[in-house]
Structures are given as structure tokens and as C-alpha cells.
Amino acid sequence: LETLRSTLSQYYRITIKDGRVFIGTFVCIDRERNMILTNTEEFMLGQADPNTGRFVGMVMIPWRYVVKAEVETTL
């Protein structure tokens, strides 16, 4: 839990089962481990231009769909 607290307000890259990637600021996690990100962009793997994201704002990502969660060190 302390490790998660230390990453509050940092950028996370969350990859989910359907291939989408969300990059946003980590604001909280609930009891079911759903992750809440704000100022988030969504990227689709396999797009013609992988650098083109769609701004989605605040998102809640259910943990059961998360394949990988990484703290972004550079943007």
C-alpha cells in the first residue's frame, strides 16, 4: 500500500486486455483495485499512427481488465 501511495500523482501507463493503453495521472485505487486516472489519453495498439491518442479525461479501469500497470518515467 505504501508503494502505491508513493506513486500518487505520477503518470501511469495501463494496458488492458483488449489492447488499449491509457496514460494518465494516478489519483486513487479502490477496494476492488479499480484504478482511477485523470488527464488520461487512450491509445489503440495496432493503429496506423501509434502516437495519436484520444483525450478521455478521467477514467476508472477495473483491475480485472489490467494486463500491465507501469509508472511512466518519461513523457
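This is a predicted model: local features need pLDDT of at least 70, side-chain atom pairs count only at pLDDT 80 or more; totals for chains, interfaces and linings use all residues.
**Ground rules**

I number residues from 1 along each chain as its sequence is written.

**Entry 1**

I began with the strands, which are DSSP runs of E with at least two residues, while helices are runs of H or I with at least four; both are numbered from the N terminus. I also noted that two strands pair if DSSP finds at least two bridges between them.

In what order do the five strands of the open sheet lie? I read β4-β3-β2-β1-β5, with antiparallel pairing. At the edges I found β4 (54-61) and β5 (66-71), each pairing on one side only. The twist from one strand to the next averages 30°; for such angles, axes are lines fitted to C-alpha atoms (for helices over the stretch in contact), and values run from 0 to 180 degrees between N-to-C directions.

A reminder to myself: strands of a sheet pair through backbone hydrogen bonds, either parallel or antiparallel.

**Entry 1: pair by pair**

I followed β2 (residues 20-29) alongside β3 (residues 35-44) and counted eight antiparallel bridges. Here V21 stands opposite F43 in β3.

β1 and β2 are antiparallel too, joined by five bridges, and R13 has I23 in β2 as its bridge partner. These two strands make a hairpin with three residues between them, and G19 in the turn shows a positive phi of about 95°.

How many bridges link β1 and β5? I found five, again in the antiparallel sense. The partner of I14 in β5 is A69.

**Entry 2: the core**

Next I looked for nonpolar cores, meaning sets of buried Ala, Val, Leu, Ile, Met, Phe, Trp, Tyr and Cys residues joined through side-chain atoms within 4.5 Å. For burial I use relative accessible area: buried is under 20%, exposed is over 50%, and partly exposed is in between (1.4 Å probe, protein chains only).

The largest core holds 10 residues: Y12, I14, I16, F22, F26, M35, L37, V59, I61 and V66. I see at least two residues from each of β1, β2, β3 and β4, and β1 gives the most, with three.

I checked one member, V66, for contacts (heavy atoms within 4.5 Å). Beyond four places in sequence, V66 meets I14, T15, I16 and I61.

**Entry 3: one aromatic pair**

I count Phe, Tyr and Trp rings (Trp by its six-membered ring) as paired if their centres lie within 6.5 Å; planes under 30 degrees apart are stacked, over 60 edge-to-face, and the rest tilted.

The structure holds one such pair. Y12 and F26 are tilted, at 5.0 Å centre to centre with 50° between the planes. Y12 sits in β1 and F26 in β2, so the pair ties together parts 14 residues apart in sequence. Both Y12 and F26 are buried.

T40, in strand β3, is buried, with 0% relative accessibility. Its side chain reaches the backbone oxygen of L37 at 3.5 Å. Among its contacts beyond four places in sequence I noted F22, I23, G24 and F55.

**Entry 4: loop and phi notes**

L8 lies in the loop between α1 (2-6) and β1 (11-16), and is partly exposed at 38%. L8 and V27 are 19 residues apart in sequence, yet 5.8 Å apart in space, C-alpha to C-alpha.

R33 is in the loop between β2 and β3, whereas N39 is in strand β3. R33 is partly exposed at 47%, and N39 is partly exposed at 48%.

Technical notes
Side-chain values use heavy atoms; hydrogens and water are left out. A polar contact is a pair of N or O atoms within 3.5 Å; within protein, one must be able to donate a hydrogen and the other to accept it, and residues adjacent in sequence count only if both atoms are side-chain atoms.
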